Amino acid sequence: ATLKSDNRTAKTYRTTTASVMNPERGFRAQLVNYRHGAFPPGVPAGGPFPWDDPRLQHATDHNMTVVQTYCYLDSESDQLDPRFLGMLDAGFERHRRAGVKSLFRFAYDSCGPGHESGTGNYTTERVLKHIEQLTPAIRRNADVISAVYVGFFGCWGEWHDSKLRLE
């Protein structure tokens, strides 16, 4: 097949040292805003969202339109706290107001020095119950979610070193 190039348009760009926005691509900031059980006393279901991560502002100040967001879930209970789900919605609203989309990852284990492998007490059945509970929030906020990583299992939801070797 022959490629016709009759419809090409030439575009000349001027040199700049400014950050250039690249919608939903390019550099990203990493956020770890969401943790189960991290509620200040008296926080009702639905908010207010207690975390004010300066990295979200940094992302918008530097024309980043994508952030990677980790959400650590309660590995000890089949039921997610309604306050947590409310804060999740509030967090998505902050993303919306900031004009960013999230590469979102759910996880149970945050590994590191002293915790080289996962310690979460979760099972495949519990993960599936949590997915069922999270699905409405994900659907409601699809406009600010670039992608949801498969996540859940292993350190940082990266599918390695889980306590029960579920990955």
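Which residue's backbone oxygen lies 2.8 Å from a polar atom of the side chain of N141? That oxygen belongs to A137.

## The model and its ground rules

This is a predicted model, in which local features need pLDDT of at least 70, side-chain atom pairs count only at pLDDT 80 or more, and totals for chains, interfaces and linings use all residues. Residues are numbered from 1 along each chain as its sequence is written, and side-chain values use heavy atoms, with hydrogens and water left out.

## The chain as a whole

Let's start with the overall picture. The protein chain holds 3 helices and 5 strands, and along the sequence they follow the pattern β-α-β-α-β-α-β-β. Helices here are DSSP runs of H or I with at least four residues, strands are runs of E with at least two, and both are numbered from the N terminus.

Of the 167 residues in the protein chain, 37% are buried. Buried means under 20% relative accessible area, exposed means over 50%, and partly exposed lies in between, with a 1.4 Å probe and protein chains only. The protein chain exposes about 10,200 Å², and carbon and sulfur atoms supply 52% of that area; accessible areas come from the Shrake-Rupley method with a 1.4 Å probe, and for residues only the protein chains shown count as cover. Among contacts with a separation of 6 or more, 81% link residues 24 or more positions apart, a contact being heavy atoms within 4.5 Å.

## Strand β3 and its partners

Strand β2 (residues 66–72) runs parallel to β3 and is joined to it by 7 bridges; two strands pair if DSSP finds at least two bridges between them. In this pairing, V66 stands opposite K101 of β3. The chain gets from β2 to β3 through helix α2 (residues 82–98), making a β-α-β crossover that is right-handed. That term applies if, with the strands pointing away from the viewer, the path from the first strand over the helix to the second runs clockwise.

Two further strands also pair with β3. Strand β4 (residues 145–148) runs parallel to β3 and is joined to it by 3 bridges, with A147 of β4 opposite L103. Strand β5 (residues 152–155) pairs with β3 in the parallel sense over 2 bridges, and there F152 is the bridge partner of A107.

## T69 in strand β2

T69 sits in strand β2 and is buried, with a relative accessible area of 0%.

## Salt bridges

The structure holds 6 salt bridges, each defined as a side-chain nitrogen of Lys or Arg within 4 Å of a carboxyl oxygen of Asp or Glu. One of them joins the side chains of D78 and K129 at 3.1 Å, N to O. D78 lies in the loop between β2 and α2 and K129 in helix α3 (residues 124–140), so this pair ties together parts 51 residues apart in sequence. D78 is partly exposed at 28% relative accessible area, and K129 is partly exposed at 41%.

Another salt bridge brings together the side chains of R140 and D89 at 2.7 Å, N to O. With R140 in helix α3 and D89 in helix α2, this pair also ties together parts that are 51 residues apart in sequence. D89 is partly exposed, at 22% relative accessibility. Within helix α2, R96 and E93 lie 3 residues apart, about one turn of the helix, and their side chains meet in a salt bridge at 2.7 Å, N to O. Salt bridges that share partners also join D78, R126 and K129 into one network.

## Back to N141

N141 is found in the loop between α3 and β4 and is buried, with a relative accessible area of 5%. Not counting residues up to four places away in sequence, N141 touches D89, F92 and R96.

Key
Polar contact = N/O pair within 3.5 Å; in protein donor to acceptor, adjacent residues only side chain to side chain.
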